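Work through the exercises below with the sequence and the structure open. Each task is followed by a stepwise solution.

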Amino acid sequence: MNFLNTAATFVNAAIIQGIPLLYGATGEIITEKSGNLNLGIPGIMYVGGISGIIGAYLYEHSVETPAAFWCIVIPFFASLLGSALMALIYSFLTITLRANQNVTGLALTTFGIGVGNFFGGSLLSFFNESGSIAVITTGGYYKTKLPFADSLGLFGETFLSFGFLAYLAVIIAIVASWYLNHTRTGLNLRAVGENPATADAAGINVIRHKYLSTVIGGMIAGLGGLYFVMDYTCGAWTNNGFGDRGWLAIAIVIFALWRPRSAILSSFIFGGLYIICVYIPGLSSAAKELIKMLPYFVTIVVLVVTSLRKKREYQPPASLGLSYFREER
Amino acid sequence: MSKQKAVKEPFIHITKKRNDMIWWKAWLIRGAAVLLALIVCAFIIVLLTGYNPIEVYKKMIEGSFATKRKVWALLQGIAMLLCISLAVTPAFKMKFWNLGAQGQVLVGALACAACMFYFKSTLPSGLLIVVMLFAAIVAGMVWALIPAFFKAHWNTNESLFTLMMNYIAIQLVSFAVASWVTSGSGVLGLLNADTNCGWLPAVFEQKYFINVATVALLTVIMYVYLKYTKHGYEIAVVGGSENTARYIGINVKSVILRTLAFSGAMCGLAGFLLVSGTHHTVTETLEGGMGFTAIMVSWLAKFNPIVMVLTSFLIVFLQRGSSEIATAFRLNESVADILTGVILFFIIGCEFFIRYEVHFRKKHKEGEE
């Protein structure tokens, strides 16, 4: 029984760790399906988190007793807005101005992490307060569990004890999977990512698809940042607290072979690998550091194996990383 | 005729420039972009702080040039960033997206620190430095060759592969530090602080002189290597078109492996300079994000080593200046990243106006054409 309890705690923790990764991975998959390799996702996730916090902070301080509804809605849309703006910067530079995607993405990450840490660290000083920013009330609302979760015993504690953003992540991933595989626009989007010139000739608006999928992908990824700051850390911001999770999300895209539905389980696996060292008893601190290598190592193995097998459906979108210029042959 | 007229002519029409732009015109555009970026940054500063932006820029310049020590610190910063930028350049010229400079620098630094840790009492300082240099170069080379090998043989996506290698390197460093440090602090601290064994000596009373001089020499070597040697030519051809390279009898695989070995070795060397010449210790954050910044430095300079001196100066100056204003005006350090990001966006964006021409739709009069 004791083992079962530990296992349940581990699975629960793995899912909690996996949710921000799932948001990031789903967002990046949708982006990459249009042929844009957005390495700015880590930065976008920081901005998604801090925009939510700023929204919550401004709301909490403008009214006497914050209402639950607005506490949820305002940060949610603030986060979407922030990450959409970030994705727009990337889209404008790479799609309209046809800049190099790798360089733009890395610059966006630098910028985004800077924005996150800057406002996280010094927003309070603008209002002549000190300390680090924390919006506990809003965090509390975001953490609200399903009302019947506790009555379902171990199962409820393990799988149903999350805030609503966790379920939303899974829903978005499933919807994204359905959209990419079973709708006409999804098919068009994949065509744009595989061969934009052909898609263009077939009458698909390449530019619009690229813009839309990059911005929507960015917004989804930004929600990962929001989940992290509101649910995981209960509305408190610590500089660089989000860590390298953004890059891990990009790794999951490869691990899931560009399929949002596989990304769900992959994210939970990676979430588990991220914290497994805490759950293995009797590890020295040095050995723990070695165990933390696992998610990255696994990604490399997947990358190598898929390139060895050369199966068509396991490959990244063919035009990934290239900008499209209609008049170029 | 009238049917053709019915087709809507787009308002903006973009075409590729037929001829390359004259170099001074291109640099004029880039200069204008930097200027515009600085103006936007000034707006951001005013918006955030309410201070006079000219005062803030003055403070930035003071932060880099006020004292001799600050100038040397600036030079050292430029040297390290430039060294890594030079290292990633041949690979990029070949269109091999090596995002793993961070990892390659770190393993170099780690190998170096390991030598300092294990041989401190067995080897004299001079010999130890040679061993450290060798170990760092080999480590960096191996770290770059692993993804290069898979890229060359099975076309494995190199940007994602090298990205993951970074984190493995970070964990390796954490592992080494955790196993070397037995006390509770978990921080390695200065290695061989008592004997200075394995520390690069100060020349002309300047601690960083060797670092700066080495990188200056490397810049020239890299310039010559890329521009005037057969290797440099092969890199350019492979970067232009792999099929062309194969057609004229270049062994693409061996060019990829050779170039990445060189690239990784230089990253390892940067790791050596960071440990032996600068920090005398190793931490996970030793390279401080320079691996990614180097990619931008190299790309902004259009892979020209001499121009890279300028671009790395710009970036380092901005970062040092921003952290200076951060402390002076009680802002958060991260303002540096924001300003760097804004300036990069502008420089990245301005390339469009160098490569493409924009035509606006002209009003046609009736009966014309």
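The model used here is predicted.

**Exercise 1.** Decide how far H2(A) is enclosed by the rest of the structure.

Solution. A residue counts as buried if 20 or more other C-beta atoms lie within 10 Å of its own. In H2(A), 18 of the 22 residues are buried, so the helix is largely enclosed by the rest of the structure.

**Exercise 2.** Describe the side of chain A that touches chain B.

Solution. Start with the count: 41 residues of chain A are in contact with 38 residues of chain B. Next, find the elements: H3, H4, H11, H13 and H14 of chain A each supply at least two residues to this side. H4(A) gives the most, with 14 residues. Finally, sort by class: this side of chain A has 24 nonpolar, 11 polar and 6 charged residues.

**Exercise 3.** Is His153(B) buried, exposed or partly exposed?

Solution. Locate the residue: His153(B) is in helix H6 of chain B, residues 125-154. Then take the count: 13 other C-beta atoms lie within 10 Å, so His153(B) is partly exposed. For chain B as a whole, 46% of the 369 residues count as buried.

Conventions
Residues are numbered from 1 along each chain as its sequence is written. Chains are lettered from A and ligands numbered from 1 in the order in which they are written. This is a predicted model: local features need pLDDT of at least 70, side-chain atom pairs count only at pLDDT 80 or more; totals for chains, interfaces and linings use all residues. Two residues are in contact if their C-beta atoms, placed from the backbone, lie within 7 Å. Helices (H or I, at least four residues) and strands (E, at least two) are DSSP runs, numbered from the N terminus. Ala, Val, Leu, Ile, Met, Phe, Trp, Tyr, Cys and Pro count as nonpolar, Asp, Glu, Lys and Arg as charged, and the others, Gly among them, as polar. A residue is buried if 20 or more other C-beta atoms lie within 10 Å of its own, exposed if 12 or fewer, and partly exposed in between; C-beta atoms are placed from the backbone.
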